[in-house]
Amino acid sequence: MASLDDYRVFIAVVEQGNLSAAARHLQRSLQAVSRALASLENELGVELIQRTTRRAQPSEAGLAFHARIKAALADIDLARSELAAHGAHIDGALRVGGSTQFSAPYLVPVIAAFMERYPEVQVELVVADQRADLQREKLDAAIRLGELPASRLHARQLGMLRMVTIGAPGYFARHGRPRAPADLRKHACIVRRTAEVPQRWDYRRGGRQQAVDVRGRFSADNAAACNAAVVAGLGIGVAALWQVRHLLDQGRLETVLEDWQLPGLPLHIVWSPSKQLPARTRAFIDFVAARWTAEPPG
């Protein structure tokens, strides 16, 4: 009979895009991930993942199953957290790290709900643009956006944040709107220059993929600056939807290439390896995972 770990493997394969990435995310061997997925499919009698040499795409049945099973696992995690509260007194100080833009609109409301549930817990939120060192900053846990580098930290993926292609109405009035990803080669593009983000935007529609090398006169190493440059009409950019939703609602930005999908931005919670994780930290990890599975940010 399939275990909860087998279901978590399936979720990781869907959200990471292939078996190798899922294995790295789960810190398990590729063989173990492949066996777990095959065992689950054999038990259910349904192909959940359509495998190729380069990608692992969920089948139509797999996509529907992913949505249901992820919600079910979130309920289990929340029940486990509530059970832990009965078996252990949840109190004390919790020190949590978060990024500058994301913390106020999304992390603080979750912390507030957690503190309401556990009124004897005190939370200190440490907000920074750069990823803080958990040991140096004495953080119990931290929320991380983007791919995680290899480290000894334990991590749990909370979801994938949607990315969109955006531009200002004035820019489109002057230069037209791209109808396909290849059209971006004719446009000025706002490039975020970091070691983790290439100057290549990868799009997918159905089984078709298209990678576009982009360029423009303006670049920055900060997402907020890049988004501001797009608002100023300097070119077309890509951004996490949660970062620009208010600008879209105000009509200051518009989306293009809506039929094409960009890779999502992974959202994780990380914590230091420990043989005995404090009950308040475990409760917080489970609470955040359940909350954001039920109500994804952005």
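User: Why does Phe-102 count as buried?

Analyst: Phe-102 has a relative accessibility of 1%. Buried means under 20% relative accessible area, exposed over 50% and partly exposed in between, with a 1.4 Å probe and protein chains only. Phe-102 therefore counts as buried. This is a predicted model, in which local features need pLDDT of at least 70 and side-chain atom pairs count only at pLDDT 80 or more, while totals for chains, interfaces and linings use all residues. Residues are numbered from 1 along each chain as its sequence is written, and side-chain values use heavy atoms, with hydrogens and water left out.

User: What makes Trp-242 buried?

Analyst: Its relative accessible area is 9%, so Trp-242 is buried.

User: Why is the pair of Phe-102 and Trp-242 called edge-to-face?

Analyst: Rings of Phe, Tyr and Trp (its six-membered ring) pair if their centres lie within 6.5 Å; planes under 30 degrees apart count as stacked, over 60 as edge-to-face and the rest as tilted. The centres of Phe-102 and Trp-242 are 5.0 Å apart and the planes stand at 85°, so the pair is edge-to-face.

User: What makes Cys-189 and Cys-226 buried?

Analyst: Cys-189 counts as buried because its relative accessibility is 1%. Cys-226 has a relative accessible area of 6%, and is therefore buried as well.
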